[in-house]
Structures are given as structure tokens and as C-alpha cells.
Amino acid sequence: MRYGIAVQPFLAQVGGQIVWHGLPKLMVIGPAEKAWDEALIVRYPNAGAFLRMVTDPEYLAITVHRTAAL
């Protein structure tokens, strides 16, 4: 939840938007013993926008929450 809240301004800055957020029913590819609590799909205008976001030092500072959640 912390990451989800903190990432919103970064998504907005690069024009990214969440197109789906929900509860996954099954894992198509991946280890059977793993189960996700929730999942989302994000659309970015282009690969450059995504790269700008994930290399932003301020974004990198919030990834500790993403890592902890995973």
C-alpha cells in the first residue's frame, strides 16, 4: 500500500496510468507455490517514459516499499 500511494505522482509525471487493478485468480507463468495478493497493469506512453520514471532518484528512494511488498 505504501508503494502504491508513493508511486502515484511519478506515474502522473510521465503520463503512466493504471489500466487494471484487482485480485489475480491464478498465475499463468511462475512458481505454483507463489500467490499474489493483488496485481495491476500500468500503461506508459512509451518506453522512454517508463525509463525516466524508474531511473529518477526520487522514485528509486520509494522502491524500498515495492521490494518489501514483493
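**Getting to know a predicted chain**

Trainee: What does the accessible surface of the chain come to, and what share belongs to carbon and sulfur atoms?

Mentor: In this model, which is predicted, the chain has an accessible surface of about 5700 Å², and 61% of that surface belongs to carbon and sulfur atoms.

Trainee: And how many helices and strands does the chain have?

Mentor: There are three helices and two strands in the chain, and if you follow the elements from the N terminus on, they run α-β-β-α-α. The C-alpha atoms fill a box of roughly 35 × 25 × 20 Å, taken along the principal axes.

Trainee: What percentage of the residues is buried?

Mentor: Buried residues make up 16% of the 70 residues in the chain. As for contacts with a separation of 6 or more, 57% of them are accounted for by residues 24 or more positions apart.

Trainee: Let's go to α3, then: which of its residues are buried?

Mentor: The buried residues of helix α3 are Y59, I62 and T63, and these buried residues pack against α1, which covers 2-14, and α2, which covers 47-55.

Trainee: Where does α3 bend?

Mentor: Helix α3, made up of residues 57-69, bends by about 35 degrees at T63, and T63 is also one of the buried residues of this helix.

Trainee: What does a side-chain oxygen of D56 reach at the start of α3?

Mentor: That oxygen of D56 comes to within 2.7 Å of the backbone nitrogen of E58.

Trainee: Changing topic, which residues form the nonpolar patch on the surface?

Mentor: The patch is formed by V19, W20 and I41, which together have about 270 Å² of accessible area. Of these, W20 lies in strand β1, which spans residues 17-22.

Trainee: Why is W20 called partly exposed?

Mentor: W20 has a relative accessible area of 38%, and it counts as partly exposed because that term covers values in between the under 20% of buried residues and the over 50% of exposed ones.

Trainee: One more, G15: where is that found?

Mentor: G15 is found in the loop between α1 and β1, and with a relative accessible area of 41% it is partly exposed.

Trainee: Which residues is G15 in contact with, leaving aside its neighbours within four places in sequence?

Mentor: With those neighbours left aside, G15 is in contact with R43 and P45.

Technical notes
Residues are numbered from 1 along each chain as its sequence is written. This is a predicted model: local features need pLDDT of at least 70, side-chain atom pairs count only at pLDDT 80 or more; totals for chains, interfaces and linings use all residues. Side-chain values use heavy atoms; hydrogens and water are left out. Patches are made of residues with over 30% relative accessible area and no salt bridge: like charges are joined within 9 Å, nonpolar side chains (Val, Leu, Ile, Met, Phe, Trp, Tyr) within 5 Å. Accessible areas come from the Shrake-Rupley method with a 1.4 Å probe; for residues, only the protein chains shown count as cover. A salt bridge is a side-chain nitrogen of Lys or Arg within 4 Å of a carboxyl oxygen of Asp or Glu. Helices (H or I, at least four residues) and strands (E, at least two) are DSSP runs, numbered from the N terminus. Buried means under 20% relative accessible area, exposed over 50%, partly exposed in between (1.4 Å probe, protein chains only). The bend at a residue is the angle between axes fitted to the seven residues ending there and the seven starting there. Contact means heavy atoms within 4.5 Å. A polar contact is a pair of N or O atoms within 3.5 Å; within protein, one must be able to donate a hydrogen and the other to accept it, and residues adjacent in sequence count only if both atoms are side-chain atoms.
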